[in-house]
Amino acid sequence: MEYEAVIGLEVHAQVHTRSKMFCACPVVPDTGNLPPNTYVCPVCLALPGALPVVNRQAVALGIRAALALHCAVQPLSVFARKSYFYPDLPKGYQITQYAHPLARNGYLEVDVSQRFCRIGITRIHLEEDTGKLYHGNDGTRVDFNRAGVPLLEIVSEPDMRSPDEARAYAMALRDVLVYLGLNTGDMEKGMIRFEANVSIRPQGSGTLGTRTEIKNLNSFRALSRAVDAEIARQIAILNSGGQVTLKTLGWDAAGEQLFVQRNKEQAHDYRYFPDPDIPPLAVTPEWVASIAASLPELPRARKARWVAHYGLREEDAALLVPDRALAGYFEAAVKHGLGCGVAPQDVANWMTGEVFRLLKARTSGITGARVSPERLAALLRLLYVEDAINVASAKKILEVMFETGESPERVVERLGLSQISDPALLEAVATRVIRDSPTQVAQYLDGKEPLIGWFVGQIMRETRGKAEPGQAQEIARVFLERERSNRF
Ligand SMILES: [Zn+2]
């Protein structure tokens, strides 16, 4: 029997606001680095009599995400209490949205290995995060700095059919949230977490099989590996005549193994009901319209524009688009480059090659780089338009520019790197190299022609890398051939 997988994802993304979802405590990007329980107040500690107040900025960002994902923002939504007991949850319930979420019925367009899919989005709602438990040898401690931080939950339709599709959707969603400025996209710090619902059914069947839920997946790799393992587990059960049962699973990323968290009989009853302390959330059409007017160009559209207008290779566009600062830098460099004859694809090649390499060696990122987009374009103009330097020198110059913040022209002058294009000079060097290497000349003339590369290398060395390699090769060939006719 051939099976197909049916996968839906629930994504929890931290919303970047100044203060928490229902109180004035500040939200800091990395709560793990703060002294524990210092960013707390009576509201997020659930002290008696404290009342929650909805964070307007969090709602605005939620609407922003909803619009980017083509959802219908609901004029009225309701905050509800989801009751369960766990030590990281001070109130004994979480404030979330249940029957009446902020937005419904959207979609996200995703490219999965050259193929386009549209993944439906069922609903988007706002809720608060829990605290964090630290398990040590001397017991377990709890830190409430994260308790009450706003989260956006984005629930997809079960529209994905493979781990690759689930991964592509998760990555595209992350890119959108980062572009909207509501999340840093930092998976290692848990800024985005995934839960996957997985079932299988006979290929072509219209009914859904029994699904299981995999909780707390916090990397793209964990997501696709866990879903892959779960599909294989369910197929093995059905093939051996068994039945898949409702389960909540966890994923051990280090051991690459699924484990059971809860079976059906232990499933929670959350006793949802509207929070009596929070009035229904009303969103006016005017507010939605003003947010819609401020939406930026989204990653997929930007990538398509680069491919169409700049003639960029798809894979390079995909590397440069996700980080908004990097994408902005690239676009600025392309604009300066186009003004002086540098091709956008050359800018892309240098960005994904040398610039990425130099950024990796530093930690400041593109915003902290000492090379402006204009100066990167100026360097590429010296290389490709004016032929004033060669590739090896350009790499060296860019590295110095990253160190010192100097202009490329200044570095060329200071290090004496301008290319030697005077043929008389190169010919003199080639004559010397050939005179000093009788063994290699004899081997070459004997038919060992790849040795030409060695001669080019010698010429480059003699000129301290300032010769144009193509020209050096041509001169070496002419001189060696002249040597051949002299001998025979
Ligand atoms: Zn608080």
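**Entry 1. Contacts and overall form**

I started with the contacts of the chain. Among those joining residues at least 6 apart in sequence, 69% link residues at least 24 apart. I note here that the model is predicted. I then counted secondary structure and got 15 helices and 16 strands. Of the 488 residues, 37% count as buried.

Next I checked the extent of the chain. Its radius of gyration is 30 Å, whereas a compact globule of 488 residues would have one near 23 Å. Along the principal axes, the C-alpha atoms fill a box of roughly 100 × 55 × 50 Å.

**Entry 2. Domains**

I looked up the domain assignment. It gives domain 1 as 3–291, domain 2 as 299–415 and domain 3 as 423–487. I took the C-alpha centres of domain 1 and domain 3 and found them 65 Å apart.

**Entry 3. Strand β10**

I turned to β10, residues 150–156. Six of its seven residues are buried, so I logged the strand as mostly covered. Which strands pair with β10? I found β1, residues 3–14, antiparallel to it over five bridges. I also found β7, residues 115–128, antiparallel to it over seven bridges.

I picked one residue pair from each pairing.

I kept one general point in mind for strands. Side chains in a regular strand alternate between the two faces of the sheet.

**Entry 4. A three-stranded sheet**

I traced an open sheet of three strands. The order is β5-β4-β15, and the pairing is antiparallel. Strands β5 (93–97) and β15 (273–274) stand at the edges with a single partner strand each, so one side of each has no neighbour in the sheet. Strand β4, residues 79–83, pairs with β15 over two bridges. I checked arginine 81 and found phenylalanine 273 of β15 as its bridge partner.

**Entry 5. Helix α9**

I took the span of α9 (373–385). The helix has 13 residues and reaches 17 Å from first C-alpha to last, close to the 18 Å expected at 1.5 Å a residue. I listed its buried residues: Pro373, Arg375, Leu376, Ala377, Ala378, Leu379, Leu380, Leu382 and Leu383.

What covers these residues? I found that the cover includes α7 (324–339), α8 (344–361), α10 and α11. After α9 comes aspartate 387, and I read a positive phi there, near 55°.

**Entry 6. Helix α11**

I moved on to α11, residues 408–415. Its buried residues are Pro408, Val411 and Val412. They span an arc of only 100° around the axis, which puts them on the same side of α11. Which exposed residues sit on the face turned away from the buried side? I found Glu413 and Arg414 there.

I looked for the cover of the buried residues too. It includes α9 and α10 (391–404). Just after α11, I read a positive phi of about 60° at glycine 416.

**Entry 7. Isoleucine 475**

I looked up isoleucine 475, which is found in helix α15, residues 469–487. Is isoleucine 475 buried or exposed? I counted 21 other C-beta atoms within 10 Å, and 20 or more make a residue buried, so isoleucine 475 is buried. Leaving out residues up to four places away in sequence, I found that isoleucine 475 touches Leu426, Glu427 and Ala430.

I then took a distance from isoleucine 475 to glycine 255. They are 220 residues apart in sequence, and their C-alpha atoms are 59 Å apart in space.

I checked backbone angles last. Most residues other than glycine have a negative phi. Asparagine 216 has a positive phi near 50°. I located asparagine 216 in strand β12, residues 212–217. With 16 other C-beta atoms within 10 Å, asparagine 216 is partly exposed.

Arginine 271 also has a positive phi, about 45°, although it is not a glycine. I placed arginine 271 in the loop between β14 (257–263) and β15. Why does arginine 271 count as exposed? It has 11 other C-beta atoms within 10 Å, and a residue with 12 or fewer is exposed.

Terms used
Residues are numbered from 1 along each chain as its sequence is written. This is a predicted model: local features need pLDDT of at least 70, side-chain atom pairs count only at pLDDT 80 or more; totals for chains, interfaces and linings use all residues. Helices (H or I, at least four residues) and strands (E, at least two) are DSSP runs, numbered from the N terminus. Two strands pair if DSSP finds at least two bridges between them. The arc is that of the directions from the helix axis to the C-beta atoms. Two residues are in contact if their C-beta atoms, placed from the backbone, lie within 7 Å. Domain bounds come from an automatic or database domain assignment. The expected span of a helix is 1.5 Å times one less than its number of residues. The radius of gyration is taken over C-alpha atoms; the globule rule is 2.2 Å times the number of residues to the power 0.38.
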